[in-house]
Structure formats: C-alpha cells, structure tokens
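Notebook open. I want to go through this one piece by piece and jot down what I find.

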Number of protein chains: 2
Amino acid sequence: MARPTEFKREEVLERAMQAFWDHGYLGTSMADLVEVTDLRPGSLYAAFGSKEGLFLAALDHYGEATAARLARMLAEAESPLEGIRAHFRQLAADAARPRGRRSCLLVNTVLELSRQNDAIQERVNRHLENIEGLIRGALEEAHASGELARGKDPAALAAFLMVNIWGLRVFAGTAPKPARATAVVDQLLTILD
Amino acid sequence: MARPTEFKREEVLERAMQAFWDHGYLGTSMADLVEVTDLRPGSLYAAFGSKEGLFLAALDHYGEATAARLARMLAEAESPLEGIRAHFRQLAADAARPRGRRSCLLVNTVLELSRQNDAIQERVNRHLENIEGLIRGALEEAHASGELARGKDPAALAAFLMVNIWGLRVFAGTAPKPARATAVVDQLLTILD
C-alpha cells in the first residue's frame, strides 16, 4: 500500500489544509487535492479513506498547530493576562492583512458544514474546546494571583473571549482597515481590566 | 419574457434565500433553485441573469429583512440601550435553538465567498454597514441622553458589538447549551454599563 511515510504525511496534510482553507470543503475537489499533494489518487484514498477523511486529518493538523501557537504565546508572556492581550492583538493584526481574508479553517468549517455533518462538527468542537481550555487556564491563573479582579468569572470570560475570537475571524473576512481592527480589540480588552 | 410578477418575486427570493442559507452558495445548484422556486430555468435566468445574480438578490432580501427587524426592535424598546440588550438576548436565544445552526446568511457568505468574489463582498459589506449604522445610531442617542456613560465611544462600541454579533452567529453553529449562550451575552452586556 502506497501509504505516505510520516514525514510525507505532515507535508500532505499541510498542503491539503491550505487548499481547504483557501476554497472550503465543497470548493475543493479530490482532483484539486491530488494536484496540490502531488500524490496518486490511489495513495490518497489508501491513506485517508475519502475526501472527508483527509479533511478531518487536515482539521486536526490545523487545530493542533493553532493550539500549539497559542500555548507558546501564553507561556512566553510576562503574565497570563498579557498573554491573552498579545493573542488578541495578533488577531487584530491578522484581521487587517489581505491574507486574513481566509479567516480561520475551524470557523469556516463551523459555518460551511457543521450543521450538515455531525462527525465534522464533533471534531471542530473538540479543537475549539481545547483552545478555550488554554484561555480558561490562563484566566484561572490570573484570577488566583489577583491579576484578574476577584469579581470576574474565568469560565464565563473564557466563553465570551472565544465568541470574540470567532467574531474577529469573520471581521477579517470583511477586509477591515488596521485602525478599525485595533479599535475593536482595544474595546474588547477593557473587559479584562 | 416570463419575468415573475412583483408578488412572485418576493416569494422566489424567500425560497432561494432559504436554500442558500441551508446549503451555502457552492452547495446550492441551479437545479436545486429551479426545484425550490418552482420556476422554469429560463424564467430564473431571465429574471436574475445567473446563479450569482439570484444570490445577490437573495442577499438583499435577507439583509433588508434583518435590518428591518433590528430597526423595529430598537424603535419598540424603552430606551436605545434596552433595544440593543434585547437584540443580543435574542441572538443568545437563537444561538441555542437547533435552527440557529444555520447561523446568518451574511456571516456565512463572508466566510464562504467574500475572499473570492469582490462583487459579493461589496454587497455583504453594504448590508453589514447598514446594520452597524442602526446600532451606532442607538448608541449615539444613548450617549447624548446620558444613558451611555460619557467616556464611551459610540463608534468604537458599535464596531465591537458587530464583531460580537458575528461571533454569536458562529457560536450558534457550535450548537451551544442555552445557559452557555446566556452567560456569554451577560458578559458582553457589562460593556454597556
């Protein structure tokens, strides 16, 4: 069976992920995937079973990379709240870049497919919950140390910040001006004060 | 030319809008549109030119209905801020209903298509700006009367609230529990206090 080696698997997933991110699930054909991955159709089917199988693997690849990036940003920040602020400032900067119009593969998938496909919704939700867990963890740490005011509820705040991440990803799709993106995030971050 | 009469045009747009909302632009074929509208293909092409033409008309139908509903809610509220609060409580209730998983046609379109089609992005942005104008107007009124604290900036706050509308529409796609939807909106509304 022409199963890709582990090294090649990462490369194949990265390319498939980029294609799905650019064109959506429905807008990407198996022929497109064969072209971008440079594999034979038989090899793709042998390794991933179907277009849906390859999509789920590409979602995992994306979700894990996104969570790893956020975890690194939180770990490198001077404090938990500074880490969260840095993450939202990065989202504002991304929203104002032309490349930002691709938004986020997880958010795009929620809106394109999750209402029609429970396996995909379950997978997207798992990645979103993982990201929310990182944010909630940082808020709990800030709460315990007194950096976050005692009256604030870390869990409710984490759920609210997730909604704002999604909103900022849609915002990116509207191609906003940088000043507008910064103003929105400044407004948002007042909720942490 | 078998152009639908004005009465029929509204009905055709409503049905086409529902199909696009359920399945997305790429997921809805001209054959699907012929079926749901009960028109002959020649009549559809004569009236709307193309699938894209029918989609733009369906977007207008949706955007105008959405703005009219918000304007009515703001007009009927006891005060401008109460109107905005009512709108967000409605979004939370919608997010927790199974039907809410369809999210919002404008938001779905931003993520599915706007980065690939400037005519569609321009049209979606026009409707979103119209909705933002209604919210900004209510905030300016509240600011002038002192209902909104003097230190708040109505324009920045309106941009921020739009991002939260989009985030709540994505949230709806994740099929949240009602208590979680309420907690998020309660957290959001503290920004108006």
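Entry 1, a single residue to begin with. Is B:L54 buried or exposed? I am working on a predicted model here, and I counted 24 other C-beta atoms within 10 Å of B:L54. The cut-off for buried is 20 or more, so B:L54 is buried. I found B:L54 in helix α4 of chain B, which covers residues 51-76. Next I looked up what B:L54 touches, leaving out residues up to four places away in sequence: B:A16, B:L33, B:L44 and B:F48. I also checked B:L54 against B:T28: they sit 26 residues apart in sequence and 12 Å apart in space, C-alpha to C-alpha.

How far apart in space are B:A119 and B:E147? I get 39 Å, C-alpha to C-alpha, for a sequence separation of 28 residues. B:A119 belongs to helix α7 of chain B. I noted 13 C-beta neighbours inside 10 Å for B:A119, so I put it down as partly exposed.

The C-alpha trace of chain A spans about 60 × 35 × 30 Å along its principal axes. Chain A has 193 residues, and 40% of them count as buried. I then took the contacts in chain A with a separation of 6 or more: residues 24 or more positions apart account for 67% of them.

At what angle do α4 and α6 of chain A cross? I took α4(A) as residues 51-76 and α6(A) as residues 105-114; their axes come within 10 Å and cross at roughly 135 degrees. The two helices are therefore oblique to each other. On the α4(A) side I listed A:L59, A:Y62 and A:G63, and on the α6(A) side A:L105, A:L106 and A:T109. By class, that contact has four nonpolar and two polar residues, with no charged ones.

A reminder to myself: in soluble globular proteins, nonpolar side chains tend to be buried together. The largest nonpolar core here has 114 residues. Which of its members touch the most others? I wrote down A:A58, A:F171 and A:V184, along with B:A58, B:F171 and B:V184. I followed up on A:A58: setting aside neighbours within four places in sequence, A:A58 is in contact with A:L13, A:A16, A:M17 and A:F20.

Most residues other than glycine have a negative phi, so I went looking for exceptions. A:A175 is one of them: phi is positive, about 55 degrees, and the residue is not a glycine. I located A:A175 in the loop between α8 (154-173) and α9 (178-189) of chain A. With 18 C-beta neighbours inside 10 Å, A:A175 counts as partly exposed. In chain B I noted B:D38, again not a glycine, with a positive phi near 65 degrees. B:D38 is in the loop between α2 (30-37) and α3 (41-48) of chain B. For B:D38 I get 11 C-beta neighbours inside 10 Å, so it goes down as exposed.

I laid chain B on chain A: a turn of 180 degrees and a shift of 0.0 Å along the axis give an RMSD of 0.0 Å. The two copies are thus related as by a two-fold rotation axis. Which residue of chain B comes closest to that axis? I noted B:G167, at 1.8 Å for the C-alpha.

Notes:
Residues numbered from 1 in each chain as written. Chains lettered and ligands numbered in written order. Predicted model: local features only at pLDDT ≥ 70, side-chain atom pairs only at ≥ 80, totals over all residues. Axes fitted to C-alpha atoms, helices over the stretch in contact; angles between N-to-C directions. Helix = DSSP H or I, 4+ residues; strand = E, 2+ residues; numbered from the N terminus. Parallel < 35°, antiparallel > 145°, perpendicular 65-115°, else oblique. Contact = placed C-beta atoms within 7 Å. Nonpolar A, V, L, I, M, F, W, Y, C, P; charged D, E, K, R; others polar. Core = buried A, V, L, I, M, F, W, Y, C linked by C-beta atoms within 7 Å. Buried ≥ 20, exposed ≤ 12 C-beta atoms within 10 Å, placed from the backbone. Least-squares fit on C-alpha atoms with pLDDT ≥ 70 in both.
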